[in-house]
Amino acid sequence: MHLKTLQNPIIKSWLPVFVTAVLFYIAGKLTLSLSLPPSYATAIWPPAGIGLAALLLWGYRVLPGIFLAELLIHYELYNLPTLLESPLELLIFFLNPINSVIRAWLGCILVKKYAEYPNALISTRLIILFFLLAGPVATFLPAILSVYGLILTGNIIKQDAASSFLTWWMGDCTGIVVFTPLFLIIFDRSHRIWRQRLLSLGLPLCVMFVITVISYVLAQQYEVDRLRKILSKQTHIITHSLQDRFQQHLTTLSLYKGLADSDKPISEADFRLFSLLAFNHHSDISHIAWLYALKNNKEHRYISQYSATNEGNNPADFNSIADMANKLDFDPALVTAMNKNHFLIFMPLVETGENSCQCVKGLVAEVFNIKKYAEAALDKENIEHLVIKIFDAKSEGRRQSIFQSNNIHELSDPLALASHNTINMGEQKWLLEIAPDKKFLSEYYSWSVWELLAGGMFLTSFMSIGLLVLTGENESVRSEVDKRTDELKESNSKLIASEQQFRKLVQTQSAIVWRADPVTCRFLFVSDEAESILGYPVEQWINEADFWPQHIHEDDRATAVAFCAEETRNLRNHDFEYRMITADNRCIWLRDYVHLTVDNGEVTEMSGFIIDITKQKQAEEQLRLAATTFESQQGIMITDKNFKILQVNKAFTEITGYSQEEVLGKNPRILNSGLHDKVYFQDFWKQLTTNGRFEGEVLNRRKNGEIYPEWQTITAVKNDTGEASHYVSVFTDITEKKDAEGKIHAMAFYDPLTKLPNRRLLLDRFDQELSTAKRHKQYGAVIFLDLDHFKLLNDSQGHLVGDELLIQVANRLVSVLREEDTPARLGGDEFVVLLHANSESLSTVADQAWVVADKIKVKLNEPFMLNQYQHQLSTSIGITLFPDNHKSPAMILQQADTAMYRSKASGRNAISFFHPSMQEAADLRLNLEQDLRNAIDNGRFMLCYQPQVDASGNTRLKALCSLWILSPLQRKAI
């Protein structure tokens, strides 16, 4: 059965759990019959091996199956209501399943970590280590816990703990040693050896196991019969003792009868004295009575005449003995009666004599305590480790116990050894039951049965390990043979492949195999490749004595012939290159390998082969050309697929400052400037991996730390399988180009004098700012500045001083503005400031524009130093807001220009708004500021006090204080 071949994923997932649980349960139930008292452990526990093998083969998913199966195995041994009432019993009920899970899990962990599992158990060392870890080591703790649970539940006594642990531990170990290989033989298909071990290992183990089990069953049956004989013998002894005790009581009553039959009448004193002697002799007697009979109409009525009670005994639980006697039908025979605790004996007294009627003249009655009666009878016998029960044989329905020994709670009869016998007590019949207690088996059970089972299982375990080792060695030998065979096959294949490769190589290189006379240098043999390479027929090579030197290129002829002759004289194998002319008048390059056969210092044979190396020579020429191209003006860097630098050219060193020795084997990251973000590199790798090529501008760092821009092209070189094997990077330093572009950009968008944005850049930014303001419904402002009387300064001091003033004005503008605001020079002495639109209302942006304009005005009113000349400057400022009425940037600038001219018209060095309402508010604010500045100097402040008067007209020591600003007319009136 191969569970891995199942297709349904649900069945495939749960079938191993089901198989494990079923096999575990069946093996456990069958093995319970082999359990050894008193611990009920066995010398072999197959579920231990099944659980471990299933866990190793199918993984941890089978653990629930192991837990459930172990729970069901022991379910019938427990009383469910008792379990629910006792938490301890319930805990111990789950202890065995938990121990089974721990045993399998721990064994699996140990053999995987230390015994190199999974393996086919071939190596002797691994086999021994496997079973040592999975057996004695992994099962030690679970065995201790299981035996401890048996002690807690009272199934075994502490004296049997050691033997119980030994049996339990050994049973788990042998179960693993025997049944783990059997399980793997059936279910493991990962290695051929498990299939081969079916007959060599599985069959002998099964036979040995069956023989051991049969031997144990027979020995166990013999031992059970022996123990039953012991109990049967004890039963007969106890039966005889109880009956003998009854006869003693009858003898005592017979003495009373003899006393009554004497001629002398018995007195009460004599009766009591006689009874006292009976009490001393029989402590179980509770009561003795003397009844005489009154005959009335052929019926007898019994009246108590004398009675004696044993004060040291419990009183009888019968009603009046006389009343009971009157209810019985007496004849000369003995009459008995009993209840749960006491036994009553009536012995009739019959008239004697020749003329007597042989009638009952009286009764002697005795009552004895059944428990004391049985104890007295058993006290004389040597009875150990037996539980004794006595039942009323005449009781109807369920038998009621009338006596049971004090050790009844220690009853333990797993082997069904209990013996039964019937005891005749006059008219009454007792049923005697004798069963063993917990110590009986420990005392009388023969260890030979355990030794037989343990020895058989040990032998089976050693056979399992031995057969595993033997089959493992055979498999090792077979594997070694297979390995050597495979190596030989591989070697032969490689040899054949090598020969084929050599032939293919010779054919590819156009090899000519030849043999020549060492004296005349005339060819004796030439292979067919000669004609295909040079075009001359083979016969011409052989027939012409000087064929070889005549067809060598005239430039190489003398050198080649001389070299070959010199090396031959010196008896050295040699090779050399030269050119030959083909039949179609082509010139080809050849490499000639010459092998000399030397005998006694003389060359006896020359042989060798000639290879066409024309393509190789052409390739070398191409490499020389490539090397020349490699050393170009562009930097070149070649890396492997792991981006380790393999080669760089001279231009690389000139651009980066790194020599070839400094970068070989390193990653191109050494050039990284750190100025590119993560998004840039994501795009870089996307282009390189998707298209196999990247081209773009890169900022890199030279060896001296200088950042420089380069235009880089990286190309992936792919092999035959389409995988990148190398990367070639070609780059050019574009620093000068970037500088030129920067200059062009600055000339196009920035004022060359002040370095501020010019009108073109201002309008471009203004257009973007206006669109953003409209979209987000926010407001900004434009401030237009014109320097007052700048032309006068320019005319008087010259254009150089005027230019210096414009530069300082630009610097002051930048110093008072935010980064998001844009200052610009439109031309001449006109400047514009574009305030970023970030206000929610016109009033807010108007206030902000006013504050910025005032800062500009104050800053520009500060003196300027122009070549040791101090110049005071004022400026006229116009402000307009946007967006408004969907006007264009040019129209808005025109509005600001108009507002600026209004400032000039109002006296210069002023700030004006284009919007009439805002201009009015600005004028009011300006007037208030001017009034406050001039109020103190002109005496326009008046301090007033107003006393407070209460309702009754009294003046309080409080007053209101206020400060008034007087107009010129009010000041004159005062």
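**Residues, loops and a helix pair**

Guide: Glutamine 808 lies in helix α26, residues 799-816. The model is predicted, with residues numbered from 1 along each chain as its sequence is written, and local features need pLDDT of at least 70, side-chain atom pairs count only at pLDDT 80 or more, and totals for chains, interfaces and linings use all residues. Side-chain values use heavy atoms, with hydrogens and water left out.

Visitor: What makes a stretch such as α26 (799-816) a helix?

Guide: Helices are DSSP runs of H or I with at least four residues, strands are runs of E with at least two, and both are numbered from the N terminus. The protein chain has 30 helices and 28 strands.

Visitor: Why is glutamine 808 called buried?

Guide: Buried means under 20% relative accessible area, exposed means over 50%, and partly exposed lies in between (1.4 Å probe, protein chains only). Glutamine 808 has a relative accessible area of 18%, which is under 20%, so it counts as buried.

Visitor: Which residues does glutamine 808 contact, leaving aside neighbours within four places in sequence?

Guide: Contact means heavy atoms within 4.5 Å. On that basis glutamine 808 is in contact with Phe864, Met865 and Leu866, its neighbours within four places in sequence being left aside. Methionine 865 is 57 residues away along the chain, while the C-alpha atoms of glutamine 808 and methionine 865 are separated by 9.2 Å.

Visitor: Threonine 180 and threonine 604: how do you know whether each is buried, exposed or partly exposed?

Guide: Threonine 180, in helix α8 (residues 161-187), has a relative accessible area of 0% and is therefore buried. Threonine 604, in strand β14 (residues 602-612), has a relative accessible area of 43%; this value falls between the two limits, so threonine 604 is partly exposed.

Visitor: How much of the protein chain counts as buried, and what share of its contacts join residues at least 24 apart?

Guide: Of its 974 residues, 42% count as buried. Among contacts between residues at least 6 apart in sequence, 61% join residues at least 24 apart.

Visitor: What makes lysine 755 and asparagine 867 worth a mention for their phi values?

Guide: Phi of lysine 755 is near 65°, a positive value in a residue other than glycine. Asparagine 867 likewise is not a glycine, yet has a positive phi of about 55°. Lysine 755 sits in the loop between α23 (735-749) and α24 (759-776), and asparagine 867 in the loop between β23 (864-866) and β24 (869-871).

Visitor: Why are lysine 755 and asparagine 867 called exposed?

Guide: Lysine 755 has 60% relative accessibility, which is over 50%, so it counts as exposed. Asparagine 867, at 63%, is also over that limit and is therefore exposed.

Visitor: At what angle do helices α9 and α12 cross, and which residues make the contact?

Guide: The axes of α9 (residues 192-261) and α12 (residues 370-379) come within 9 Å and cross at roughly 115°. The contact is made by Ile238, Ser241, Leu242, Arg245, Phe246 and His249 of α9 and by Tyr373, Ala374, Ala376, Ala377 and Leu378 of α12. Axes here are lines fitted to C-alpha atoms, for helices over the stretch in contact, with angles from 0 to 180 degrees between N-to-C directions.

Visitor: How many residues of the contact of α9 with α12 are nonpolar, polar and charged?

Guide: They divide into eight nonpolar, two polar and one charged. Nonpolar covers Ala, Val, Leu, Ile, Met, Phe, Trp, Tyr, Cys and Pro, charged covers Asp, Glu, Lys and Arg, and the others, Gly among them, are polar. Arg245 of α9 is therefore the charged residue of this contact.
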